[in-house]
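Thanks for coming, everyone. Please have a look at the structure before I start talking.

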Amino acid sequence: MDRIVRLREYLADCRRAVSWATPIASSGRLTRVSGLVMEAVGLRLPVGSQCHIHIPGGQSIEAEVAGFSGDRLFIMPATDIYGVMPGARVVPDNPMAAQPPRPGMRYIPRRRAQDRVRQVPVGDSLLGRVLDGAGRPLDGLGPLSLERRVPLYSRPINPLERAPIRQTLDVGVRALNGLLTVGRGQRLGLFAGSGVGKSVLLGMMARMTEADVVVVGLIGERGREVKEFIERILGAEGMARAVVVAAPADHPPLMRLNGAAYAMSIAEYFRDQGKHVLLIMDSLTRYAMAQREVALAIGEPPATKGYPPSVFAKLPQLAERAGNGRSGSGSITAFFTVLMEGDDQQDPIADAARAILDGHIVLSRDLADAGHYPAIDIEASISRAQPDLLSDEALERTRRFKYLYSRYMRSRDLLAVGAYVPGADVVLDEGVRLYPRMQQYLMQGMREHSTLDEARAGLEEVLG
């Protein structure tokens, strides 16, 4: 018995000694910096791990492991790399997660899942705040009151466990409510070139949509537009229930990628609280461009028009995180803007986005140039969830409106030069008669709010 007692005392002393000991912090060193990618040796870290690069003056640069080749790690900076020197020390955020590459090493320490996955702050205190892609405040309202931390990249929900899209969502825009009905949990793309009223339409939806929380991700846009969107377009009314994550174009590509993922994590947090979330991501194209910069920097070959294959793998991974949650939880209704270079709808990112989203809203430059706002091209737009949201009678009204509108638009040149004889086409005659009312129905002021019931009643009135 005495031997057992002495053994227990000895083990207790060992535990105390271990608890007092300071673990040896593994570190590596930089060997190469080329463009956006940095190479380091002396560490073994999993892809996605966070680390810091020490520079003179006691400062450090945030970075993330983006890949590896043999014993070399490819590291992407999350901030500017001014001041980095050859041989700079690379220290992982979690020293216990690192493994020095020692020959013959067999023991791999056990690590918790949160040691390997980046955590970001979420909580109700984020409402009304403006953050960067790393969760740091940009609005000067003081530090965040952290309530909880969640993984930056979450596991996808089993598609069979998701609640179906069965409830309509009032977005406050007459053309959308009446002709492109949106459902709770739907994911739509807003396809537009530059300068056709995309930001104004997003601001209208952010202010008028029936949602508990609005999460806005401004990814890769001009820095000037961030403040303008918050103050002029979103306004105090919209910011009261909104969280804005801003990663402008001058931020490193890794920060832009993390900004989009962080906005999605915030939306998922509120969805899991049972709330209905409106997510506005501006833009999905800039997100794809950031991934292209990262992939090309670490040596991935380009495929379609300069975009590596990983870009087209990342897009559905981001989009699939939105949507309805499990039955009984909340929803994320997402609007992803897609920039069409030169108004080309066959752009590879636009083409891929159409395939993975539940509908697309196309903004027309011709309509914008004519002063028709919002410049929604009803002929080219579609909501794939609409048949499940409307009755047969309501669907027939939307079909008839689009048919008459399309017939008029296709014959507009003939009408302008007087080459059409009234009475030759009964359908076109009706389209000509109703066009002024249809055009008035599709136009809406920036501050004008049209409810779902008003939009349906107005559609019935237009068609007589």
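**A walk through the model**

Let's start with the barrel. Six strands form a closed barrel in the order E1-E2-E5-E4-E3-E6, with antiparallel pairing. From one strand to the next, the twist averages 45°. Some terms, quickly. Strands (E, at least two residues) and helices (H or I, at least four) are DSSP runs, numbered from the N terminus. Two strands pair if DSSP finds at least two bridges between them.

Now the ground rules. This is a predicted model: local features need pLDDT of at least 70, side-chain atom pairs count only at pLDDT 80 or more, and totals for chains, interfaces and linings use all residues. Residues are numbered from 1 along each chain as its sequence is written, and side-chain values use heavy atoms, leaving out hydrogens and water.

Strands of a sheet pair through backbone hydrogen bonds, either parallel or antiparallel. Take strand E3 (residues 50–55) and strand E4 (residues 59–69): they are antiparallel, over six bridges. Histidine 54 has serine 60 in E4 as its bridge partner.

E4 also pairs with E5, again antiparallel, and six bridges join them. Here serine 69 is the bridge partner of arginine 72 in E5. How many residues lie between E4 and E5 in their hairpin? Two, and glycine 70 in that turn has a positive phi of about 65°.

E5 has another partner. Strand E2 (residues 37–41) pairs with E5 in the antiparallel sense, over three bridges.

Is E5 enclosed or open? Five of the six residues of E5 (residues 72–77) are buried, so this strand is largely enclosed by the rest of the structure. Buried means under 20% relative accessible area, exposed means over 50%, and partly exposed is in between (1.4 Å probe, protein chains only).

**Rings and an arginine**

Next, aromatics. The structure holds six aromatic pairs. The rings of tyrosine 269 and phenylalanine 270 have centres 5.2 Å apart and planes at 70°, so this pair is edge-to-face. Both tyrosine 269 and phenylalanine 270 are buried. Phenylalanine 401 and tyrosine 441 make a tilted pair, 5.7 Å centre to centre with 55° between the planes. Phenylalanine 401 is in helix H11 (residues 392–410) and tyrosine 441 is in helix H13 (residues 426–442), so the pair ties together parts that are 40 residues apart in sequence. The cut-offs: rings of Phe, Tyr and Trp (its six-membered ring) pair if their centres lie within 6.5 Å; planes under 30 degrees apart count as stacked, over 60 as edge-to-face and the rest as tilted. Phenylalanine 401 and tyrosine 441 are both buried. Ring pairs also link Phe401, Tyr405, Tyr408, Tyr435 and Tyr441 into a cluster.

Stay with tyrosine 441. What sits over its ring? The charged end of arginine 174, 5.8 Å from the ring centre. That label needs NZ of Lys or CZ of Arg within 6 Å of the ring centre and within 35 degrees of the ring normal. Arginine 174 lies in helix H3 (residues 174–179). Its relative accessible area is 12%, so arginine 174 is buried. The arginine 174 side chain also has a polar atom 2.7 Å from the backbone oxygen of tyrosine 441. A polar contact is a pair of N or O atoms within 3.5 Å; within protein, one must be able to donate a hydrogen and the other to accept it, and residues adjacent in sequence count only if both atoms are side-chain atoms.

**Helix H9**

Last stop. Helix H9 (residues 348–356) is mostly covered, with seven of its nine residues buried. The buried residues of H9 pack against several elements, including helix H7 (284–297) and strand E17 (331–339). At its N-terminal end, aspartate 347 is the cap: a side-chain oxygen is 3.1 Å from the backbone nitrogen of isoleucine 349.

Proline 348 belongs to H9. With 10% relative accessibility, proline 348 counts as buried. Setting aside residues up to four places away in sequence, proline 348 touches Thr304, Lys305, Tyr307 and Phe312. Contact means heavy atoms within 4.5 Å.

Methods. Axes fitted to C-alpha atoms, helices over the stretch in contact; angles between N-to-C directions.
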